[in-house]
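Please open the model in your viewer and keep the sequence panel beside it, so that each selection can be followed from one stop to the next.

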2 protein chains.
Amino acid sequence: MRRFKSLLEGVERKKNSRIILALDVVAENRKKIFSRSIQILDEVCEYICALKINHHLVLPLGLFNGVKRILDRAKDLELPAIMDCKANDVGSTNRIIAENYFKAGFDAIIANPFVGWEDGLQPIFEVAEKMGRGVILLVYMSHRSAWEGYGQKIYDENTGSIKPQYVVFAEKALAWKADGAIVGATYPEKISEVHAILGKDVPIYSPGVGVQGGDLERAILAGAHYLIIGRSIVEVKEPAEAARRLRDASNKIINSIDCGMNLGS
Amino acid sequence: MRRFKSLLEGVERKKNSRIILALDVVAENRKKIFSRSIQILDEVCEYICALKINHHLVLPLGLFNGVKRILDRAKDLELPAIMDCKANDVGSTNRIIAENYFKAGFDAIIANPFVGWEDGLQPIFEVAEKMGRGVILLVYMSHRSAWEGYGQKIYDENTGSIKPQYVVFAEKALAWKADGAIVGATYPEKISEVHAILGKDVPIYSPGVGVQGGDLERAILAGAHYLIIGRSIVEVKEPAEAARRLRDASNKIINSIDCGMNLGS
C-alpha cells in the first residue's frame with residue numbers, strides 16, 4: 001500500500017519540491033486543451049514533484065485517448081500522476097473507476113470517505129493494493145461551502161460524543177491506511193487539527209493556494225506537506241516562472257521550520 | 001429548471017414505464033463494451049423511460065467518442081439520458097463537469113449535496129438552468145455502508161437539534177429545487193421518510209432492485225417513483241424479457257396503489 005507514498009517521497013527529494021501541479025487547462029477546443037497541457041507540463045516539470053488531473057482533461061480528451069498521452073509524457077518526465085476523481089460510488093462502480101484510472105497510468109486516485117467502507121471504498125483500496133497504487137482521501141475541501149458537509153458536527157449515538165465531520169474523516173484516513181489526506185489551504189486551522197490526528201503517517205495534500213485565497217506560508221506552518229496548485233501556474237503568462245517561485249517560497253518556509261526544530265532540539 | 005422533469009414525465013406516460021436502465025456494461029475490450037451497450041439499448045428501449053450511464057462507459061469509451069454515440073442513439077429512440085457522475089467537486093470544476101456532460105448530450109446529471117451550495121453545487125444548477133437540463137441529488141445510496149455517511153446523525157449547533165444526514169439532504173433537494181432525489185431500494189424505510197419530506201415536488205429515483213437486494217414492491221409502496229435497474233437487465237441472457245417483466249411488475253404495483261387511492265377517496 002505504501003508504494004505510492006515512497007514513490008512520491010523519492011521524487012520530492014530528487015526535485016526538492018513539494019509542489020503538485022493541478023493541470024486544469026481550459027481552452028476553446030480539445031486540440032488546444034491537449035497541446036497546452038503538454039506545453040505547461042514540459043515547462044514546469046523541473047519545479048514540481050507530481051501532477052494532478054481532473055475532469056478538465058478527462059471529459060474533453062477521454063481517458064484512453066488524450067489523457068493517456070499526457071500520462072505517458074509524465075512518465076517520461078518521471079512525475080507521478082494523481083487522478084482527482086473524488087470517487088464516491090457503490091463498491092462495484094468504484095472498482096471499475098479505480099481499475100480504469102490505474103490501467104491508464106495513474107499512480108493514485110482521490111476518493112471521498114463519506115461513501116463508507118463496506119461495498120463503498122474498500123474495493124478501491126483493494127485494487128490499489130493489488131496494482132501498487134495509492135488512495136488519497138478528502139478530509140476538508142477548499143471551497144467556500146466546505147463547512148456544509150466537511151464542517152458539520154456528527155453525533156455518535158453510542159458514545160454521545162459530537163465530532164466535526166473532518167475529524168471523523170481523518171480518523172478513517174488513519175484506520176484505512178490512506179496514502180494521503182486532502183485539506184484545503186483556505187482553512188489552515190483545519191490543517192492544524194487534521195495534522196494533529198494524522199502525524200507523519202498520512203501526509204496532508206493542500207489545494208487552494210492562490211486564486212482560491214489560501215496562503216502558502218500559513219498552510220505549510222499548519223502542517224500541509226504537499227501543495228496542490230492549479231490556476232496560479234496554469235493561467236499565468238509564464239507557468240515555469242510561477243512554479244519556480246512557488247517551489248522556492250515553499251522550500252524557504254519548510255527550511256525555516258526544519259531550522260527552528262534543529263535549534264530547539 | 002423543470003424542463004427535464006417534464007421531459008421524463010412525458011416519456012414515462014408514452015412508454016407506460018418508470019424503469020430507468022443503468023447501462024453498466026462490463027466487457028473485455030472497448031469495442032465489445034460499445035457494441036453490447038447499443039445492442040441492449042435497442043433491445044430494451046420499448047420497456048424503459050430513460051437511460052443512466054456511469055463510469056463503466058465514460059472511462060473506457062470516452063465522453064465525446066463512444067458515449068456520445070450511445071447518447072445519439074438514445075436521442076433517436078427518444079430516451080432521456082442521465083449521467084451518474086455523483087459530482088462532488090469545487091464550483092469551478094463542477095461547472096466544467098456539467099458543461100461537458102450536457103454538451104455531449106446528457107439531459108441530467110447526478111450530484112452529491114454533501115459538497116454544499118456556494119462555490120459547490122450552485123454552478124451545476126446554474127449551468128443546468130441555462131441549458132434546460134436537470135440535476136438529481138443523492139439522498140441515500142443503495143450500498144451496505146451507506147449508513148456511514150448518509151445515515152449519520154447531524155447535530156445543529158444553532159438549534160440543538162439532531163437530524164439524520166439523509167433528512168438534511170432531502171431538505172436541500174427541496175430548497176435547491178432539484179429535479180429528483182436518489183434513495184436506494186435496499187432501504188425502503190428511508191424511501192418512506194424521504195418521500196414524506198419531498199412529496200410530489202421532487203420524485204424519488206431508486207437504484208438497488210435485484211442484484212443489490214432491493215425489493216421492487218417495497219420500494220414503490222414506500223414512495224419510489226423511478227426504478228433504476230442495471231445488472232438485472234444488463235447481465236441476463238434476455239435483457240428485453242427482463243426489462244418487460246420489471247416494467248409489468250412495477251406497473252401492477254403502481255396500479256394497485258392508484259386503485260386503492262381511488263377506492264379510498
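In this predicted model, begin by selecting α7 and α8 of chain B, where α7(B) passes α8(B) in a right-handed crossing. Residues 165–175 of chain B make up helix α7 and residues 188–198 of chain B make up helix α8, and the two pack at an angle of about 35° with their axes 9 Å apart. To see what joins them, show the side chains of B:Y166, B:V167, B:A170, B:E171, B:A173 and B:L174 on α7(B), together with those of B:K190, B:V194, B:I197 and B:L198 on α8(B), which make the contact. Colouring this set by class will give eight nonpolar and two charged residues, with no polar ones.

Next, bring chain A into view alongside chain B, and select the residues that connect the two chains: 40 residues of chain A are in contact with 40 residues of chain B. On the chain A side, the elements that contribute two or more residues are α3 (55–76), α4 (91–104), α5 (117–131), α6 (146–149) and β6 (153–155). Of these, α3(A) gives the most, with eight residues. How do the residues on this side of chain A divide by class? There are 15 nonpolar, 17 polar and eight charged residues on the side of chain A that touches chain B.

Key. Residues numbered from 1 in each chain as written. Chains lettered and ligands numbered in written order. Predicted model: local features only at pLDDT ≥ 70, side-chain atom pairs only at ≥ 80, totals over all residues. Axes fitted to C-alpha atoms, helices over the stretch in contact; angles between N-to-C directions. Helix = DSSP H or I, 4+ residues; strand = E, 2+ residues; numbered from the N terminus. Left-handed = near helix turned anticlockwise from the far one by under 90°. Contact = placed C-beta atoms within 7 Å. Nonpolar A, V, L, I, M, F, W, Y, C, P; charged D, E, K, R; others polar.
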